[in-house]
Amino acid sequence: MRLKEIQRTAHQAWSPAEHHPIHLALGTSAQQLDASFNTTAALEIFEVDFSDPSLEMQLRGSLPTSNRLHSIVWVNFGMGADGTGGRLVGGSENGTLTVYNPEVIMSSGVDAVVGQSDKHTGPIRALDFNPFQSNLLASGANDSEIYIWDLNNFSSPMTPGAKSQVGPAEDISVVSWNRQVQHILASANPSGKAVVWDLRKNEPIIKISDHSNRMHCSGMLWHPDVATQLVLASEDDRLPVIQMWDLRFATSPLKVFENHTRGILSISWSQADSELLLSSAKDNRILCWNPNTGEVIYELPTTNQWCFDVQWCPRNPALLSAASFDGRITVYSVMGGSLKAQQQSTANKISSSFDSMDPFGTGQVLPPLQVPQPTVQDTIVPPLKKPPKWVRRPVGASFAFGGKLITFENPQLPPVQSPQPVPRQVFVSQVTTETEFLQRSRELQAALQSGSFNNYCQAKIHNAKSDAEKDIWKFLLVNFEDEARVKFLRLLGFSKDELEIKRSDVATAVCDARTSGSVSPADFFSQTPKENANFQIPVSCDTNGLISQALLVGNFEGAVDLCLNDGRYAEAILLSISGGEELLKKTQQKYLSNQKNSISMVSLISSVVTQNWRDIVQSCELDNWKEALAALLTYAHPEDFARLCDTLGGRLEHERTEKRCLQACLCYICSGNIEKLVECWALHRDCSSPLGLEDLVEKVMMLRKSIERLRNSEVAVQSPILAEKLTCYAGILAAEGSLATAMDCDKYLLCVCTILDRLFHAQEEAAVGQQPSNSFNRVNVSTAKPTPAAQAPAPKAQIVPMSIGGRSVFSPPGPSVSAANLSGPALPPPSSTPGVPPTSFMPSTSFPSGPMPPSSQPGAPVPMYPGGLHNQGPANPMASGPYVPLGSGYPQGGPGAPAVKPFSAPAVPDNYTPPAPITAPVMGFPVEAPQSHNHAQVPPGAPQEPSVQLLQQLPAERVEQKEIPAEHMVLKSTFDSLVQRCQLAAGDPQTKRKLDDAVKRLAYLYDKLREQSLSHNILNGLHEISRCVASQNYQRGLEVHTQVVSSSNFSEISAFMPILKVLMTIANKLGV
Amino acid sequence: MVHDAQMDYYGTRLATCSSDRTVKIFDVKNGGQILVADLRGHEGPVWQVAWAHPMFGNILASCSYDRKVIIWKEENGAWDKMYEYCGHESSVNSVCWGPYDFGLILACGSSDGAISLLTFTGDQQWDVKKISNAHTIGCNAVSWAPAVVPGSLIDQPSGQKPNYIKRFVSGGCDNLVKLWKEEDGQWKEDQKLEAHSDWVRDVGWAPSIGLPTSTIASCSQDGRVFIWTCDDPAGNTWTAKLLHKFSDVVWHVSWSITGNILAVSGGDNKVAYTL
């Protein structure tokens, strides 16, 4: 396809490959005149700019020259690092060799000539520069003259050898440096002889000559890749061929390429792809050959003119330029394309170029040239028949889901094509960059799976880098221990035992003080009991007397008043206790209202007395958060505890400092509020890095586990921010190749994202769980009419058949598509939670009605997992159940309250006792029914059942476990009866022994059935066998047996499968 | 000679294409490989393959030196031609599916300099839009921008549907990286990024990771790999950073799913960069 064109009768030189942008230098041709008969000469440099779609090239510089040129080359000698410059070397008709600086031509034109030599005696037709040493230039002229020029030392050229060594003097038409060996040069002359020179020896080393003597050498080129091969082109119309020679057999040409009908004028071998050799000939054609096969792979759409020079562009391998005798230089692409009405502009240009001139100097302006207007039409020019090397991508790498990297490479072809197919290689590898992250996530996963939470937390405490971190892990650890509240207190620095010691110290001190005469009002309680010696009832008129009198008359109220007024609070309180509950309350109030001055201590007492903890958490100094939290831990009602903790945490968090936020985190850990923990944590910690995320997820998972342990049920957290973080986390895990872990992690979420679906499908094993219920909607783009039943591939439960009516469906997700969703089975199959309709726990937002927004879409409420994803079998009755929203009644134990025993699923320990009703240590709270631990039996949403019921039901379940599941009982009965029948029929002792053995071995099978440890496949096989046995078709039974054995894990079946075969063989023989 | 290998969305199926004119699909679960389909239909070397999002079923696009783009679809386990596009006049070098939010839309870059956009309109119909002369003397690569507007994770009010603009990047033999966007149903050149001094061999728009930055990688015949970033929400100011200069042509760039690693395939070997 033609890209650029210019009217010039000139020799051409492309800028070197390193040169950027691409330029084309044109030097006025010798021995050619255009219609202007202009004999001036010039060297012009054009920029070939392909961002300009027009055919024109931009003239960048022009230099008038005294001589016309026979040859021109652009050498990268002296080229700057920026890819500009180099040297232009022109060989003229009178033997002058001139070196130009193209940069200077393009800038000023002054002093552009940097070297000139008249060493040659005749026209210089041949020029070539050394591809290895750009300062070395070879030139060839009349009279067998060949010079090697060093551009560093231009004045004194050398010769490759003595002229006399190559016979009679002849013109040199071509010189060419070898492309592989830098000291080898070849020259050729029109008579068809080629001489190869070795510059180290300074002599010709081989001569090539065709015996036909018809070769009229117009071109010679070395093979770009093979050092010993070269091609010669013949200009002779009687032998218009290209010969390929190999110097190893230099007696006759290796190959002869015949297709041109008239003599070949020029050849050019692509340096980018040695399978592309261009030739132009007097038959007006430009052909492209594959020199390895001799096949013509392309013919350029050219004009009806001889093209005397073709050249591949060194920089852009798809381009070539052709100079034709009709005075045109054309740049073509071999990649094809559409040839648009380009003739139009060409014609105009020809016309106008004549217009402006007065070629014959007559003073008359010529009439406009009538150029026939070609019909404007788009011609599609095909590309090369065979794709060139530079478009054949040899290597590549692409990432795939799960951190996989797909790479492919194609081993280098040997230069000579081998007949064997090339071994191709595609590799799939795993890319991991976050090793620490992976390591930690694995540790977390291991802990989650093994249930060794304590060890995990302890290790974390041990390795914690900061105290804050250590604190958090300590708190998390406590959640897994009994008497969590007490331990929380201890962590906060409050210990009952220590306090006891301190208190008795104080008491002793008080006593000592007393005995020494100084009265301390410090401790009423330690003081009062001491005063049990004999006493005197004062009846005087002072306060004491009045009080005594009031008491004596039974006027408690009056006595209390007197006490209060006198500041004798202890007495007042003591009296009011005796005076009845009402009086006590009154007294308490009076006391507290009188004591406004010492707020903190009193408000604490006030709260203890009035059970009003909200005041504490709402108004305490934040510096006293520890004390506030301690108070909550000690006193707060389990129902309020979490809320109060959260309130306190909220206040701390509100401060927004990092310290406070960490303290808030501790509050949230106490309250078990995962959502707030995540939010608060994310405020100050970087959660975008994998490790930062890991930090968070570790804590969340541990907290979640501890809550689950206390609640004995799956905990679902409804938190968009957690969902986002977990999605992110899963994404990173997936990217690092930990698909299973990622999947596990995402199970906790009912993600409004597609990653779960992706993980599910990407999992290597098929049966990892149920298909995630909501991913993207599937759109049917079937070519055929949609037939829902046929089109839903079996494993994809989520396929929503729909036909696409118009484009609107495909526009960004909108309500129009949502209708399709209705038919989709959005809920997890009910079987996953037997007897529990999962819908009752699903927030209605669980299943957005429209197509899912992209996975990264935030903000949408993220409903939590109902646990429906878990594989649930009878072996694990605890795995699923009602999901109690977080935030109420956690934790259940206060100090002194019986701890909740840890549950170890699946088997419930025999000594299991239901948690005792929880009471606070000081005040009697109403007994709260403990939360049920029997989630499998509790209808979701139902009031929590008393634990008694649990006790009744659990043993029942355990007994049931020892039974073979009902659906498999048939196996036992069938096989047992078969053994019996055989035993009755069997005569010989050997068979009897075998049958006895069979009884034992079948027991293994029954055990496996009880354990439910057999795979689906095996169970199916067993049932099939049992059916065969029942119908006495033992032959078929044996066939099925073979199938099962061959398709199963040997260790799984080795205990019983062989005996089944024996049994059936015996039965078959006995005919029972 | 294998020219491309791409895993499907789930990473369980591998599609390869080759000089032998075939497209092959392998099941690569469990570390094994099972040839599940051998798609024949191209009459020249097949340069690239691209999987459509699975919400549309199992659909694969392939492009070839034979100037054709073929879209293949699996129906009941059998792969068949779904659509054949012959609108290019030269080798089709690159195909890339748009984000699924836009439906089934395929961008194809060709050596004829044009980029075609094929949109499935239902009823076996495909709408074709062509950007002529997108890259003079050839387009080598196309890559779609993620549908998520950069920064939407941070700024977007929840529930509100972001205003998606279809955008993609292309690289060509004019040494340019160009950004295109659709406005009123018409494709327009949005940006022209200049830094390479030779053919741009491949471009890759990084997946969105929620940050308010758009990132594009480009690699070139000149051995250079550039990372282009744009923090400007309007998408007008792009800055180039030279990631590396190799001694040889760089053929291919590929972002990891999370956009934190760039795989660079050069003439000699492969190098991965963590960004």
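The following exercises, with worked solutions, concern a predicted model.

**Exercise 1. Overall description of chain A**

Determine how many helices and strands chain A has, and what share of its residues is buried.

*Solution.* 
Step 1. The secondary structure of chain A comprises 31 helices and 33 strands.
Step 2. Of the 1072 residues in chain A, 51% are buried.
Step 3. Among contacts in chain A with a separation of 6 or more, 57% are between residues 24 or more positions apart.

**Exercise 2. The surroundings of Glu74(B)**

Locate Glu74(B), decide whether Glu74(B) is buried or exposed, and identify the polar contacts of its side chain.

*Solution.* 
Step 1. Glu74(B) belongs to strand S7 of chain B, which spans residues 69–75.
Step 2. Glu74(B) is classed as buried because its relative accessible area is 15%, and the cut-off for buried is under 20%.
Step 3. Beyond neighbours within four places in sequence, Glu74(B) is in contact with Arg13(B), Asn58(B) and Trp79(B).
Step 4. The side chain of Glu74(B) forms a polar contact of 3.2 Å with that of Arg13(B), and another of 2.5 Å with the side chain of Asn58(B).

**Exercise 3. A loop residue, Ala464(A)**

State where Ala464(A) lies, and classify Ala464(A) as buried or exposed.

*Solution.* 
Step 1. Ala464(A) is in the loop of chain A between helix H4 (453–463) and helix H5 (467–478).
Step 2. The relative accessibility of Ala464(A) is 17%, so Ala464(A) counts as buried.
Step 3. When residues up to four places away in sequence are not counted, Ala464(A) touches Glu469(A) and Lys470(A).

Technical notes
Residues are numbered from 1 along each chain as its sequence is written. Chains are lettered from A and ligands numbered from 1 in the order in which they are written. This is a predicted model: local features need pLDDT of at least 70, side-chain atom pairs count only at pLDDT 80 or more; totals for chains, interfaces and linings use all residues. Side-chain values use heavy atoms; hydrogens and water are left out. Helices (H or I, at least four residues) and strands (E, at least two) are DSSP runs, numbered from the N terminus. Buried means under 20% relative accessible area, exposed over 50%, partly exposed in between (1.4 Å probe, protein chains only). Contact means heavy atoms within 4.5 Å. A polar contact is a pair of N or O atoms within 3.5 Å; within protein, one must be able to donate a hydrogen and the other to accept it, and residues adjacent in sequence count only if both atoms are side-chain atoms.
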